[in-house]
Amino acid sequence: MFSPERFARLARAHFAEHLRGYAWFLAGIVLIEIVVSILFAVSKTGFTEFNTREQGGYWFAGMFLFSSIFAGRYFQSMGQRASALLSLMRPASGLEKWLLAVATTLLLFPLAYTLLFYLVAVPDSALAYSQAQHQAQAAIADWTRHPTGDRPAAFDPKAYALFRPWDAFESWKDAVNFLLWLLFVQGFAMFGSLYFRTVPFIKTLLAALIFMLACALFVNLVGGDDGLVMSYWTASRPLAPWQRWTYGLLWFVVPSLLWAASYLAIKEREITA
Amino acid sequence: MIRIDHLAFGYRRTPLYRDFSLLLSEPGIYGLFGRNGSGKSTLLLLLAGLLFPKGGRIEVAGHVPAKRHPAFLEQVYIVPEEFHLPNLRPAQLAQSQSGFYPNFSAAHFADYLRIFEVPEQSSFEQMSLGQKKKAAMAFALATLTPVLLLDEPTNGLDIISRDQFRAIMARPEQRQRIVLISTHQAHDLEKIMSHILFIDGASLALSATMAELGQALRMGVVPDAASLAQVPEVLYSEAMGEQHAFVAVNRARRPGPVHMELLYKALSLRKEPVLAVLESREAADVQS
């Protein structure tokens, strides 16, 4: 049950109500990035630590952390009776409400996050580039004057190039691994926020922990390798046929079930008097 | 139209409705009364599709509410006692939400905001609770959905605002829809209601028009106990200082005023005799 016109209306109403909240959330991310920049600026090594690999680490960590918080907050209104009633009574289908959540959390947020990441990463990486280059040149000049030990390494511009997410994936399996992890953490956060009526954030974290432990325990009990469960898509170790099928299925089924459960939670939600 | 057939509903192990049936086929303003915990708010939530019946069937505007089909949601608007408004200005609310309701009238919305004296340049966060409630009511009334469900609409409103609400409810555009109002503020709304529903003991104890009630029951106030003794067939009375208010059988059948608070007390405290009178009148009307 999907109508593009109704979906557009729903999106307009949603963003009219939540744009300010989203703007504050994104501003919080920028603030954290600025604090990290200041920490670089005041550290002994300056921005030289902010090489391409480090930038990637920040981007991936931020993406998982902030997108799971964002997904967990998307249906925050469902936690309160009065605002949940307003959302549920809005004339749109459950599918349309769910699709808007998917589009906002899985597409728009990562895009907005990446743009904001670059807002700070572009000047920081430029500083890192120039400081590292200057440091390398100074070290070589110093070594030339007092040649003791090995000659310092020359500046490597590639190591300080601006990070690009697609360069971080060595193969299509890396990209699939990243996407499935993102789907999993966002799906878990969103479903938790819908399923747990009170203190959803803490309960979702606890549930995620229990789920991960249960998975590890299960794999150990059946004589498998829990390391392979977590890094199935990037594992280069040979796998038994049952492991190949079970882990592969697990990686697709669990995120799919989490997102499907969120849809049902919207559709079946009741409000008590 | 609202049709409920053999509704069964309860919370966990506490049954609230058993074999509850109701038919509202004509537009009008229906007052839903009942004591605390009788299930008035629950009934509104069931009609809005926000609670799902355990048994029986509910149909509202040709739809099963529990499915929450968009075509159903376009035709039903509910204002709960505890309501929520996004932090927007009234004009922004209308701009972002009016498109969902095909009958929404921007002119009526502006008119209702003016009558309610809602500050239009303020966002809802900047308004007092009463002002927010009036803004929420103005929007709900301007949607002109065929079915409007209001839970305690006058709670939190001052005396002037209650008058303003009554004035809006009396307007012709509000008479074209089914407005179901659950309230304990019986006196506030008695002049605008066309029909009374009284829930008691998990079932619909009374469903009657104001005209039927006025013809079947005589209600009034007498100056002292001696005068009360002169009133024939008193069903319920209460002292108000020296004076006595009463509900009696209206043998003359001349339509008289209906005092909702008095009727509410009579139905709550002396239900059987009052209902017996109403049922006998109904039976007599059918025979004649």
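Is the crossing of α4(A) and α9(A) right-handed or left-handed? In this predicted model, the crossing of these two helices is right-handed.

Helix α4 (residues 94-145) and helix α9 (residues 241-267), both of chain A, pack with their axes 9 Å apart and at an angle of about 135 degrees. The two helices α4(A) and α9(A) are therefore oblique to each other. From α4(A), the residues G94(A), K97(A) and W98(A) meet S262(A), Y263(A), I266(A) and K267(A) of α9(A). By class, this contact of α4(A) with α9(A) has three nonpolar, two polar and two charged residues.

In chain B, six strands form an open sheet with mixed pairing, in the order β5-β6-β7-β3-β8-β9. Strands β5 (76-79) and β9 (203-209) of chain B stand at the edges with a single partner strand each, so one side of each has no neighbour in the sheet. From one strand to the next, the twist averages 15 degrees. Strand β8 (residues 195-200) of chain B runs antiparallel to β9(B), and six bridges join them. D200(B) stands opposite S203(B) in β9(B).

Helix α1(B) packs on this sheet, touching β3, β5, β6, β7 and β8 of chain B. The direction of α1(B) makes about 150 degrees with that of β6(B).

Between the chains, 24 residues of chain B are in contact with 22 residues of chain A. The elements of chain B that give two or more residues to its side of this contact are tabulated here.

| Element | Residues |
|---|---|
| α1(B) | 40-48 |
| α2(B) | 70-73 |
| α3(B) | 90-97 |

Of these, α1(B) gives the most, with four residues. The side of chain B that touches chain A divides into 14 nonpolar, seven polar and three charged residues.

How values were computed: Residues are numbered from 1 along each chain as its sequence is written. Chains are lettered from A and ligands numbered from 1 in the order in which they are written. This is a predicted model: local features need pLDDT of at least 70, side-chain atom pairs count only at pLDDT 80 or more; totals for chains, interfaces and linings use all residues. Two residues are in contact if their C-beta atoms, placed from the backbone, lie within 7 Å. Ala, Val, Leu, Ile, Met, Phe, Trp, Tyr, Cys and Pro count as nonpolar, Asp, Glu, Lys and Arg as charged, and the others, Gly among them, as polar. Axes are lines fitted to C-alpha atoms, for helices over the stretch in contact, and angles run from 0 to 180 degrees between N-to-C directions. Angles under 35 degrees count as roughly parallel, over 145 as roughly antiparallel, 65 to 115 as roughly perpendicular and the rest as oblique. A crossing is left-handed if the near helix is turned anticlockwise from the far one by less than a right angle, and right-handed if clockwise. Two strands pair if DSSP finds at least two bridges between them.
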